Every structure is written in structure tokens, then in C-alpha cells.
Amino acid sequence: MASVCDPKYAPAGDVSGALMVIDSRLKSIYDGGREIDPEQRELIDQFTASLGPRGAHDLLDGACTIIYMFVTWLRMAYEDHDKDVIEYVVPSLVASMRMMPKSIRPEAIPTMAGLVVSAGMGLSPSLWRKQYGKWTKEEMNPLEATAFLLAEHINRLTDDREFATRLISNALSSAERA
């Protein structure tokens, strides 16, 4: 029986826009900054504000699509070594989020872990989250952090600071050609 959270029923959303936000965050951290430059954050905020309600929803779906793609890649990588993605990724993700109390409230952590677990089980994070109601403003930073931390995890595994971004960019390019 097919699940209502099957990825084939999920909208892809604005994957390019979400990737831009994640890539910006990665570059900021890799350039030695602990936080996004205030000017860069303002540009991202202006970008998201210009989207309007539908565009913002598409950006959320895009972030969830990226989370799904990252976890799918991680699942395949860990399975190649007879390891479980949930066992190796979720505890690290939760521990990292707990170290960010200014931007991630503790009550958001179970939801973000749920997004990763749903993706690890082959379900759409977006549809999984949707069953609990609308996204809250308080979940925006944790959602961004979840995608960022997954990207950073992939980059560390591959020893390539741009691998995760390239992974999604290549998938987008392939989808456009098809």
C-alpha cells in the first residue's frame, strides 16, 4: 500500500532557491564566519520576502526536497558500508542542533529529526511535516539548519566542500535535460 507521504505525491518546490540559501550558508562557514554576514543575511531575507506566500511555500518544499535528496544519497552511501543512515546521521544532527540554542529552539529539534527520519525511510519530508499543520516562523531557522547540516555532513564524508551543492545542481541539470 502506498503511503500518503510517498515522494511521488510531493511538490518539488523551489529547489534552486533553497540551494542558494544553503550554499550561501556553507560558503559563509567555510570562509571562517560563524554566522552569515549581516549583509548576506539581509539579501537572503529580502529574497525570501520578495517571494510572497506562494513563493515562500515553494521555498519550504524546495528545502524539504533537498533534505530528501541529501538523506537518500547518505542512505545509499551508508548502506554501501552496511550501516544505517538514521543511526549515523540523526544523533549527529540532533547534537549539532542542540549546540545552536540561539537559532534553534529545543522544541523544533524533534520536528527536524522527524524530517530526516522520514526521508531516511523513503518518505517525503514535506508531506510528513504537512500532516502536523502549517510551518511556523520558529521552524524556519531549524529547517535551514537541517539542510545545511546534512550538506556539511556530506561534504565531510566526501572531503569536498562543494560536493553537496554539486550533487543537487547536477540533479537539477539532469532534470532540465530530461
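Is C64 buried or exposed? I looked it up: C64 is buried, at a relative accessible area of 1%. Buried means under 20% relative accessible area, exposed over 50%, and partly exposed in between, with a 1.4 Å probe and protein chains only.

I noted the ground rules next. This is a predicted model, where local features need pLDDT of at least 70, side-chain atom pairs count only at pLDDT 80 or more, and totals for chains, interfaces and linings use all residues. Residues are numbered from 1 along each chain as its sequence is written, and side-chain values use heavy atoms, leaving out hydrogens and water.

**Cysteines.** I searched for disulfides (cysteine sulfur atoms within 2.5 Å of each other) and found zero. For C5, the nearest cysteine sulfur is that of C64, 11 Å away. That is too far for a bond. C5 is buried too, at 6% relative accessibility.

**Aromatic pairs.** I counted three. Rings of Phe, Tyr and Trp (its six-membered ring) pair if their centres lie within 6.5 Å; planes under 30 degrees apart are stacked, over 60 edge-to-face, the rest tilted. W73 and F163 make a tilted pair, 5.3 Å centre to centre with 55° between the planes. F163 is partly exposed, at 23%. Y78 and Y88 are stacked, at 5.5 Å and 15°. Y78 is buried at 10%, whereas Y88 is partly exposed at 35%.

**Charges over rings.** My test was NZ of Lys or CZ of Arg within 6 Å of the ring centre and within 35 degrees of the ring normal. The charged end of R129 sits over the ring of W135, 4.9 Å from its centre. R25 has its charged end over the ring of F148, at 6.0 Å.
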